[in-house]
Amino acid sequence: LENVQTFYKALTTGDEEGMDRIYSKSFSREVSEVMEAGGRIDTWKDCLAEGARPSDMKVSGIDVTIVSETQAFTTVIEFPAN
């Protein structure tokens, strides 16, 4: 849950270093499939820029489901400002 809170704090404040500390640089199978089909991934620098990031977004209901020692899922309810 700490990483989820760190993620949303970095996302809403534009903290690129904070995002780099928790975000994986490797692609999952699902991301690889999107990239191979012509998708793109914007850089965190672009996503966290003033005016691009959801600076007024609030989150609630942060939860985690642990499936195994190596797999877990989180859910969050997002409340964007606009």
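## Terms and model

A residue is buried when its relative accessible area is under 20%, exposed when that area is over 50%, and partly exposed in between (1.4 Å probe, protein chains only). This is a predicted model, in which local features need pLDDT of at least 70 and side-chain atom pairs count only at pLDDT 80 or more, while totals for chains, interfaces and linings use all residues. Residues are numbered from 1 along each chain as its sequence is written, and side-chain values use heavy atoms, leaving out hydrogens and water.

## Salt bridges

Side chains of opposite charge can pair when their charged atoms come close. A salt bridge here is a side-chain nitrogen of Lys or Arg within 4 Å of a carboxyl oxygen of Asp or Glu. The count is five salt bridges. One of them joins Asp20 and Lys25, with the closest N and O atoms 3.4 Å apart. Asp20 is partly exposed at 36%. Lys25 is exposed at 63%.

Arg29 forms a salt bridge with Glu33, the closest N and O atoms being 3.3 Å apart. These two residues sit four residues apart in helix α3 (residues 29-36), so about one helical turn separates them. Helices are DSSP runs (H or I, at least four residues), numbered from the N terminus. Glu33 is partly exposed, at 42% relative accessible area. Salt bridges with shared partners join Arg29, Glu30 and Glu33 into one network. Arg29 also pairs with Glu30, with the closest N and O atoms 3.4 Å apart. Arg29 is exposed at 55%, and Glu30 is partly exposed at 44%.

## The largest pocket

A pocket is an open set of points on a 1 Å grid over the protein atoms alone, where a 1.4 Å probe fits, with protein on both sides within 12 Å along at least five of seven lines; lining residues have an atom within 4 Å of a point. Volume is the space filled by probe spheres set on the points.

The largest pocket holds about 410 Å³ of space. It is lined by 13 residues, and the closest to its centre are Tyr23, Ser24, Phe27, Ile41 and Trp44. The lining has six nonpolar, four polar and three charged residues. Asp, Glu, Lys and Arg count as charged; Ala, Val, Leu, Ile, Met, Phe, Trp, Tyr, Cys and Pro as nonpolar; the others, Gly among them, as polar.

## The second largest pocket

This pocket holds about 210 Å³ of space. Asn3, Val4, Phe7, Ile22, Tyr23 and Thr74 line it. Helix α1 (residues 2-13) gives the most to this lining, with three residues. Four of the lining residues are nonpolar, two are polar and none is charged.
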